[in-house]
Amino acid sequence: MKSKLSILSLAIALPTCLFAQDSLQVMNNTQYPNTFSSGSADVQPFTNSSKRFNDWSISFGAGVPLVQTADLTSIKTNDAPGKNLFGYSAYVSVDKAITHAFGLKLQYDRGETRQGYFNTKDAAPANASANMQVGARTQYDAISILGDINFSNLLRRVDNKSPYRWALHGYAGIGTLAYRAYLKDETGQRLTREIKPFKLASLFGQAGAGLKYKISNRLDLEGRVMYVVTTDDSFDGGGSQYSMINRRNSKTSDNFINTTLGLTVNLGKHESHLMWHDPLQEAYYKISVLESKVEDLVVCKNGDADNDGVCDDWDRQLDTPAGARVDGSGVALDVDLDGVIDLYDKCVTVPGSVENNGCPDQTQGQGAVAETETKLEGIEFDLNSDRILPSNTPILNNAVSYINSSDGSYTVVGATDTRGTEAYNKMLSERRANNVKNYLMQNGVQSGKLDAQGNGKTDLKYPECDPASKCPEWKNRANRRVYFKAK
């Protein structure tokens with residue numbers, strides 16, 4: 001029996017080890033991803049910081065073991081007369097949930113079974129050995145590794161929306177069983193067999209089921225029934241394999257049933273335990289939230305008064321001239337940033353004056369720009385950020401050309417919206433201005449032509465946005481800017 005159980009355990013474990021795959025491993029060939037992975041090379045590892053549920057717990061409990069598949073039994077029948085004898089047992093385990101439906105337990109059991117014709121605490125009847133009316137008890141200690149399958153999560157129906165407080169678990173595993181078996185007859189009580197732990201003869205297996213009730217997020221109550229296969233014909237105290245007691249039937253293993261009642265304490269900082277997580281309930285909740293938020297989408301609720309293709313709901317320039325090209329916010333394009341929109345600019349790519357229809361004046365010589373009132377706007381930033389956005393790069397590149405063609409110098413002015421403290425916004429606006437200044441110098445502008453200045457939230461393009469909650473977000477974004485001012 002021991003050799004068969006060992007071979008079975010090896011047969012189960014060997015394929016698992018041989019075919020185990022690392023789901024994060026991707027082949028070097030970039031054309032074909034690892035077929036054992038999710039199919040994507042962009043797979044992120046699971047870490048403690050990404051966990052949403054507790055997955056460790058401690059369980060303990062006590063119960064009654066009953067030896068029934070043996071020569072000496074605990075519950076009496078016509079074939080085994082005498083008294084019903086009840087032992088005691090206790091267990092403690094450390095539990096780890098791998099998924100919401102499977103986990104592992106490292107469990108320690110200790111107890112004593114009582115079997116035979118009478119309780120060994122009582123006096124033996126006369127001629128007990130001759131009449132086979134002996135009493136026996138077995139003290140045992142066991143350490144085992146158990147697999148834990150949560151059938152309630154595994155088999156939960158799709159349409160089951162009931163509160164999740166009961167769960168049926170199945171357990172199975174192997175371990176080492178050490179015991180001392182005693183037999184008592186009219187001559188007294190004696191030790192008939194002792195098995196020490198961590199030896200081949202001490203290998204055993206157990207399997208069973210448990211019904212859990214969720215008392216709270218931290219505490220579970222569980223009733224459990226386990227069937228223990230000792231793989232030993234001497235566990236019941238009957239002595240050697242060929243003793244008179246062990247020849248009463250042909251059974252080769254003394255097995256017992258262990259019924260227990262226990263508690264599970266769920267550990268961790270999260271609100272609930274992984275084994276109590278019902279993915280279906282979470283899906284139903286998210287669907288119901290989405291359904292409650294579904295509204296008919298109205299496009300261009302306020303119309304498009306200037307007919308520029310941008311709805312007035314988010315149009316930042318409601319009086320765009322007819323025929324002018326606009327950006328995504330409805331503002332007429334001005335490629336060279338000279339203050340003359342492309343519709344009226346006769347020199348679209350070269351900065352010029354308004355009086356000369358966007359072309360350079362004759363008095364400007366070889367491309368020099370008049371600096372009486374130069375101001376470039378529209379370089380915007382995300383909230384609480386000083387990073388230059390890719391969409392702002394063309395504006396800054398045009399500014400490089402503009403400043404290099406000019407004889408004057410400029411102040412790079414940074415500003416913010418009204419959210420945050422004055423000190424924080426002052427510092428943030430300075431960082432924005434310095435980032436733009438550094439970008440210009442890295443792209444060819446002489447450092448002597450530039451200085452940077454942070455105005456914080458005192459320099460608002462839309463002063464009515466104080467506080468920011470009273471303004472649409474596009475106005476707040478327009479306030480978060482850097483612009484150029486001629487000295």
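Buried means under 20% relative accessible area, exposed over 50%, and partly exposed in between, with a 1.4 Å probe and protein chains only. The model is predicted: local features need pLDDT of at least 70, side-chain atom pairs count only at pLDDT 80 or more, and totals for chains, interfaces and linings use all residues. Residues are numbered from 1 along each chain as its sequence is written, and side-chain values use heavy atoms, with hydrogens and water left out.

Q: Is Ser 57 buried or exposed?
A: Ser 57 belongs to strand β1, residues 56–69 (a strand is a DSSP run of E, at least two residues, numbered from the N terminus). Beyond its neighbours within four places in sequence, its contacts (heavy atoms within 4.5 Å) include Ser 93, Thr 264 and His 273. Its relative accessible area is 5%, so Ser 57 is buried.

Q: Is Ala 322 buried or exposed?
A: Ala 322 is placed in the loop between α3 (279–293) and β10 (375–380). Its relative accessible area is 71%, and therefore Ala 322 is exposed.

Q: Which residue does a disulfide join to Cys 347?
A: A disulfide is a pair of cysteine sulfur atoms within 2.5 Å, and the count by this rule is 1. Cys 347 and Cys 359 both lie in the loop between α3 and β10, so the pair ties together parts that are 12 residues apart in sequence. With an S to S distance of 1.8 Å, the partner of Cys 347 is Cys 359.

Q: What relative accessibility does Cys 359 have?
A: Cys 347 counts as partly exposed at 21%. Cys 359 counts as buried, because its relative accessibility is 14%.

How values were computed: Helix = DSSP H or I, 4+ residues; strand = E, 2+ residues; numbered from the N terminus.
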